[in-house]
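This report describes the fold of one chain and the packing within it.

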Amino acid sequence: MTSHTARRTGITNMYLSHKYTILQMMHVSGHKTQKTFMDYIKLSSDEIADEIDAIVNGAKEEVF
């Protein structure tokens, strides 16, 4: 595992925890645009489906 892989995994885990805003995570990761940040994190198809389900069912106030 490289330091870049560990960094990407850490940022992805921050995203999935739903404890931080996108802007907070972008500050930590150094990304300047939300599109670049979303391209950077690695989400599985199941994680994406869970995010969509949460939006549709109103389970979370802010997902993105």
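At what angle do helix α1 and helix α2 pack, and how far apart are their axes? In this predicted model, α1 (residues 3-17) and α2 (residues 22-29) meet at an angle of about 170°, and their axes lie 10 Å apart. An angle over 145 degrees counts as roughly antiparallel, and α1 and α2 are therefore roughly antiparallel to each other. The crossing in which α1 passes α2 is right-handed.

| Helix | Residue range | Contact residues |
|---|---|---|
| α1 | residues 3-17 | R7, I11, M14, Y15 |
| α2 | residues 22-29 | I22, M25, V28, S29 |

By class, the residues in the contact of α1 with α2 comprise six nonpolar, one polar and one charged.

As for the chain as a whole, it contains four helices and zero strands. Read from the N terminus, the order of its elements is α-α-α-α. Along the principal axes, the C-alpha atoms of the chain fill a box of roughly 35 × 25 × 20 Å.

Which aromatic interactions does the model contain? The number of aromatic pairs in the structure is zero. The ring of Y40 does, however, have a charge over it: the charged end of R8 sits there, 4.8 Å from the ring centre.

Key. Residues numbered from 1 in each chain as written. Predicted model: local features only at pLDDT ≥ 70, side-chain atom pairs only at ≥ 80, totals over all residues. Heavy atoms only, no water. Phe/Tyr/Trp six-rings, centres within 6.5 Å; stacked < 30°, edge-to-face > 60°. Lys NZ or Arg CZ within 6 Å of the ring centre and 35° of its normal. Axes fitted to C-alpha atoms, helices over the stretch in contact; angles between N-to-C directions. Helix = DSSP H or I, 4+ residues; strand = E, 2+ residues; numbered from the N terminus. Parallel < 35°, antiparallel > 145°, perpendicular 65-115°, else oblique. Left-handed = near helix turned anticlockwise from the far one by under 90°. Contact = heavy atoms within 4.5 Å. Nonpolar A, V, L, I, M, F, W, Y, C, P; charged D, E, K, R; others polar.
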